[in-house]
Amino acid sequence: MELYCRYYSNTHLSPPKNSTNLKANPSPASRRRSKYSGQSIRAIPIRILTVGKKRSQGIQLIVEEYKEKLKYYCGVEDVLIKSNPKTTSDMKAQIEAEDAAMMQHIKPEDWVVMLHENGREINSEQMADLLGDAGKTGSSCLTFCIGGPYGHGPLVRERADAAIRLSSLVLNHQVALVVLVEQLYSY
């Protein structure tokens, strides 16, 4: 299956009316585009692993809506891994249990992207580049990992091929999931 990269810079958005710091009409050369804009690329299935408790109904509806939209471009698997499966108050034991549970869903041939607060901050165009690059790796699946309240364990950190952050703000796992699926669709 081929995927056509439709992502372009947000040139359809106009600056705020009272903005003096932004150019009203940036030149086409200054607009950042994905390096895959207008190209067909190999679409690989996407798996999203999220550690957390049961999702709110609103979050689940949004995720399902984006999965429905994405199915025309690539397969998307959404896996919710129960946080603190041992119901322990020991933070280290919780991280280890969540880490092991997440690793059970990661296959050796996956290309793994860990969402982490200290990861490389990327914009939408760079997300498009990341997805295009993943299609060139020969991997069978692109796996995104969203950690629990204490972050990722050492196994996932070591296994990750890339570490990114979606915002300079720390997002809880449900908000990060919504931002991620929206960005995947925007690509």
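Tutor: Before the sheet, one definition: two strands are taken to pair if DSSP finds at least two bridges between them. Please also keep in mind that this is a predicted model.

Student: Fine. What is the strand order in the open sheet, and with which pairing?

Tutor: The open sheet has 5 strands in the order β4-β3-β6-β5-β7, and the pairing is parallel.

Student: Which strands stand at the edges?

Tutor: Those are β4 (76-82) and β7 (162-165), and because each has a single partner strand, one side of each is left without a neighbour in the sheet. From one strand to the next, the twist averages 30 degrees.

Student: Let's go to β6, then. How many of its residues are buried?

Tutor: The strand is mostly covered, with 6 of its 6 residues buried. Cys141, Thr143 and Cys145 point one way from β6, while Leu142, Phe144 and Ile146 point the other way, and all are buried.

Student: And how many bridges does β6 make with β3?

Tutor: Strand β3 (residues 46-52) pairs with β6 (residues 141-146) in the parallel sense over 5 bridges, and within that pairing Thr50 has Ile146 of β6 as its bridge partner. With β5, the pairing of β6 is again parallel and runs over 6 bridges, where Asp110 stands opposite Cys141 in β6.

Student: What lies across those strands?

Tutor: Helix α5 (residues 173-186) lies across β3, β4, β5 (110-121) and β6, and runs at about 165 degrees to β3.

Student: Switching to aromatics: which residues do ring pairs link into a cluster?

Tutor: Tyr66, Tyr73 and Tyr185 are linked into a cluster by ring pairs, and the structure holds 2 aromatic pairs.

Student: Where does Lys69 lie relative to Tyr66?

Tutor: Lys69 lies over the face of Tyr66, at 5.0 Å from the ring centre, and Lys69 also lies over the face of Tyr185, where the distance from the ring centre is 5.2 Å.

Student: Zooming out, how many helices and strands does the protein chain have?

Tutor: The protein chain comes to 5 helices and 7 strands, which run β-β-β-α-β-α-β-α-β-α-β-α from the N terminus on.

Student: What share of the chain counts as buried?

Tutor: Of its 187 residues, 45% count as buried. The chain exposes about 10700 Å², of which carbon and sulfur atoms supply 51%. As for contacts with a separation of 6 or more, residues 24 or more positions apart account for 86% of them.

Notes: Residues are numbered from 1 along each chain as its sequence is written. This is a predicted model: local features need pLDDT of at least 70, side-chain atom pairs count only at pLDDT 80 or more; totals for chains, interfaces and linings use all residues. Side-chain values use heavy atoms; hydrogens and water are left out. Helices (H or I, at least four residues) and strands (E, at least two) are DSSP runs, numbered from the N terminus. Buried means under 20% relative accessible area, exposed over 50%, partly exposed in between (1.4 Å probe, protein chains only). Contact means heavy atoms within 4.5 Å. Accessible areas come from the Shrake-Rupley method with a 1.4 Å probe; for residues, only the protein chains shown count as cover. Rings of Phe, Tyr and Trp (its six-membered ring) pair if their centres lie within 6.5 Å; planes under 30 degrees apart count as stacked, over 60 as edge-to-face and the rest as tilted. A charge sits over a ring if NZ of Lys or CZ of Arg is within 6 Å of the ring centre and within 35 degrees of the ring normal. Axes are lines fitted to C-alpha atoms, for helices over the stretch in contact, and angles run from 0 to 180 degrees between N-to-C directions.
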